[in-house]
Amino acid sequence: NELEQWLFTTVKRQADKAGIKMPEVGIYDAPEINAFATGPSRNNSLVAVSTGLLRSMSRDEAEAVLGHEVSHAANGDMVTMALLQGVMNTFVIVLSRIVGRVVDSVVFGNRDSGPGFGYFIIVFILDMVFGLFASFITAWFSRQREFRADAGGAALAGKDKMIGALQRLAQNHGQSTLPTQIAAFGISGGIKSGIGALMMTHPPLEVRIQALRDAQ
């Protein structure tokens with residue numbers, strides 16, 4: 001229909017402007033205003049929007065959201081996030097076992113035989129501690145890429161349109177129905193406070209709006 005044709009041609013125009021191959025375009029059935037981009041590379045990606053977004057947003061707002069998602073694809077964020085998570089997981093596994101072996105040898109005197117009980121206790125504790133710090137780093141990086149995608153959306157669709165889209169999201173913020181595996185790639189995330197804020201994959205919408213307003 002006409003709306004689907006507009007969606008397709010808008011993504012095509014933005015992809016050309018961003019210098020990437022045309023992503024696949026999808027619509028998924030969900031009540032909330034949301035969209036996501038995913039794929040193995042910047043030239044092999046998918047941009048999808050929810051039916052809730054198409055019902056609730058104006059064309060200008062939807063255009064800005066599409067620009068945000070096309071920017072995610074152009075920035076290679078899907079691959080970068082996957083690589084970062086893999087590096088962090090490797091760091092946690094390797095470092096916790098190195099430290100566990102040292103502590104088991106020095107503190108518990110278990111130098112000649114195989115890993116002792118102390119080793120397994122230390123590794124278990126450090127897996128959780130290092131894993132928490134790794135999650136903080138991954139979430140921080142995810143928040144930075146959201147700022148970059150907002151700036152990209154502003155470049156592709158217009159600064160006022162991008163601000164308007166984020167304001168609409170703030171007014172209609174609902175619980176995301178995206179699967180956990182791709183929730184970080186949605187246009188918005190949950191609202192948390194305290195230590196939970198360090199685990200957020202998206203900055204607060206008001207912070208993102210202010211960042212766009214402050215940009216030259």
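Predicted model: local features only at pLDDT ≥ 70, side-chain atom pairs only at ≥ 80, totals over all residues.
A salt bridge here is a side-chain nitrogen of Lys or Arg within 4 Å of a carboxyl oxygen of Asp or Glu. By that rule, the side chains of Glu2 and Arg59 form a salt bridge, at 2.8 Å from N to O. Residues are numbered from 1 along each chain as its sequence is written, and side-chain values use heavy atoms, with hydrogens and water left out.

**Overall layout**
- The protein chain has eight helices and three strands; helices (H or I, at least four residues) and strands (E, at least two) are DSSP runs, numbered from the N terminus.
- Along the sequence, their order is α-β-β-β-α-α-α-α-α-α-α.
- Of the 216 residues, 44% count as buried, where buried means under 20% relative accessible area, exposed over 50%, and partly exposed in between (1.4 Å probe, protein chains only).
- Among contacts (heavy atoms within 4.5 Å) with a separation of 6 or more, 63% are between residues 24 or more positions apart.

**The strand pair**
- Strands E2 (residues 35-41) and E3 (residues 44-50) run antiparallel and are joined by five bridges; two strands pair if DSSP finds at least two bridges between them.
- A hairpin of two residues connects E2 to E3, and Ala35 sits opposite Val49 in E3.

**Helix H6**
- The 13 residues of H6 (residues 159-171) should span 18 Å at 1.5 Å a residue, and the end C-alpha atoms are 19 Å apart, which agrees; the expected span is 1.5 Å times one less than the number of residues.
- Buried residues in H6 include Met162, Ile163, Leu166 and Leu169.
- Their cover includes helix H3 (59-74), helix H5 (117-157) and helix H8 (205-214).

**Salt bridges**
- The structure holds twelve salt bridges.
- Arg59, the partner of Glu2, is partly exposed at 35% relative accessible area.
- Glu61 and Arg168 meet through their side chains at 3.2 Å, N to O.
- Arg97 and Asp127 form another salt bridge, at 3.3 Å from N to O. This one links helix H4 to helix H5 across 30 residues, and both ends are partly exposed, Arg97 at 32% and Asp127 at 26%.
- Arg13, Asp60, Glu63 and Lys161 belong to one network of salt bridges that share partners.

**Helix H4 and the surface**
- Met81 lies in helix H4 and is buried, at 3% relative accessibility.
- Met81 and Thr138 are 57 residues apart in sequence, yet their C-alpha atoms are 7.7 Å apart.
- Ile98 also lies in H4 (residues 77-106), but is partly exposed at 48% relative accessible area.
- Ile98 is one of the residues of a nonpolar surface patch, together with Ile93, Val94, Val102, Val106, Val107 and Phe108, with about 670 Å² of accessible area in total.
- Patches are made of residues with over 30% relative accessible area and no salt bridge: like charges are joined within 9 Å, nonpolar side chains (Val, Leu, Ile, Met, Phe, Trp, Tyr) within 5 Å.
- The accessible surface of the protein chain is about 11,100 Å², with 61% belonging to carbon and sulfur atoms; accessible areas come from the Shrake-Rupley method with a 1.4 Å probe, and for residues, only the protein chains shown count as cover.
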